Amino acid sequence: MAQLPSTTVLTEHLGYAPISLIDDVINAVNEILYDCTQAMENVLKAHYSSPEEEDEIELGTAKLETLLENAVDKCFDKYELYVLRNILTVPPDLIEGGWFRLEHHKGIDFASAQQSGQLDDTLSRLQRQLIDESRKTRKLQALNKHVHSARSLVEAYRQSIAFLSDPDDAQAHHALNQVEPLPDMIRFLSAKLQEIYVKLEALHRDLASAPVPKVTPSMRDEYIDEFTQRAIASAGIVSTDH
């Protein structure tokens, strides 16, 4: 019967991971180390207050702190290995034999629990596969619809020009001969239409951006306009008031 590993059992029993206890001890030692080097630096600066001496004190205490940190790391690496192997551990044979078990683990078959986890992983994997397949199916359906639409357009176009291939229609046969070769003629007409479109767009932009010139009428223009207005009024078309 499968069992939980030793680290998991100890974590549940203690309420924290065994390695966290070792980290707390190492952090406490490092804090004491930093307090000692800071106190030493303060004492030395109190006796030697010149700028040059203070720089040497800071440099010396920094070097001392580095040496102490290396010593602490080296010693507590051994401490960590010893504690994890000999103190905060449960022999695997006791767990595998069922001799060591927490109170709330009684009656639990961890083999079935692990199998349930494997089933969950399998279900998640199959669910992702179904989502991918569904996405691919939607893309294929959209592509199939697009292809059918394109085929319908091609068929409608083919039927609209079917009269050109009618051997009994002399007029269509004559028109077809006039535009052969047909692909070259289509490309030529397309290029010409594109050229005309570009010129029309340029003309439209020029007309839209060109300022309207202000024309000042000459004396002759004013005389002709007045004479025209009188002639129209005398004919009874409009009144001179307009």
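Trainee: Hi! How many helices and strands does the chain have?

Mentor: The chain has 8 helices and 0 strands. Keep in mind that this is a predicted model.

Trainee: And in what order do the elements run from the N terminus on?

Mentor: Starting at the N terminus, the order is α-α-α-α-α-α-α-α.

Trainee: What share of the residues is buried?

Mentor: Of the 242 residues in the chain, 10% are buried.

Trainee: What about contacts between residues 24 or more positions apart?

Mentor: Such pairs make up 65% of the chain's contacts with a separation of 6 or more.

Trainee: Let's turn to α2 and α3. At what angle do their axes cross?

Mentor: Helix α2 covers residues 18-47 and helix α3 covers residues 51-86; their axes cross at roughly 160° and come within 10 Å. Angles over 145 degrees count as roughly antiparallel, and α2 and α3 are therefore roughly antiparallel to each other.

Trainee: Is that crossing left-handed or right-handed?

Mentor: Right-handed, as α2 passes α3. The residues of the contact between α2 and α3 comprise 18 nonpolar, 7 charged and 3 polar ones.

Trainee: How does the span of α2 compare with what its 30 residues should give?

Mentor: It agrees: 30 residues at 1.5 Å a residue should span 44 Å, and the end C-alpha atoms of α2 are 45 Å apart.

Trainee: And how far does α3 reach?

Mentor: With 36 residues, α3 reaches 52 Å from first C-alpha to last, close to the 52 Å expected.

Trainee: Which residues of α2 are buried?

Mentor: In α2 they are Pro18, Ile22, Ile26, Asn30, Leu33, Thr37 and Glu41. As background, an α-helix has 3.6 residues a turn, so residues three or four places apart point the same way.

Trainee: Which ones are buried in α3, then?

Mentor: Ile57, Thr61, Val72, Phe76 and Val83 are buried there. What covers the buried residues of α3 includes α2.

Trainee: Back to glutamate 41. Why does it count as buried?

Mentor: Glutamate 41, in helix α2, counts as buried because its relative accessibility is 13%, and buried means under 20%.

Trainee: What is glutamate 41 in contact with, leaving aside neighbours within four places in sequence?

Mentor: Its partners are Ile57, Glu58 and Thr61. Of these, Ile57 and Thr61 are among the buried residues of α3.

How values were computed
Residues numbered from 1 in each chain as written. Predicted model: local features only at pLDDT ≥ 70, side-chain atom pairs only at ≥ 80, totals over all residues. Heavy atoms only, no water. Axes fitted to C-alpha atoms, helices over the stretch in contact; angles between N-to-C directions. Helix = DSSP H or I, 4+ residues; strand = E, 2+ residues; numbered from the N terminus. Parallel < 35°, antiparallel > 145°, perpendicular 65-115°, else oblique. Left-handed = near helix turned anticlockwise from the far one by under 90°. Nonpolar A, V, L, I, M, F, W, Y, C, P; charged D, E, K, R; others polar. Expected span 1.5 Å × (residues − 1). Buried < 20%, exposed > 50% of the residue type's maximum accessible area, 1.4 Å probe, protein only. Contact = heavy atoms within 4.5 Å.
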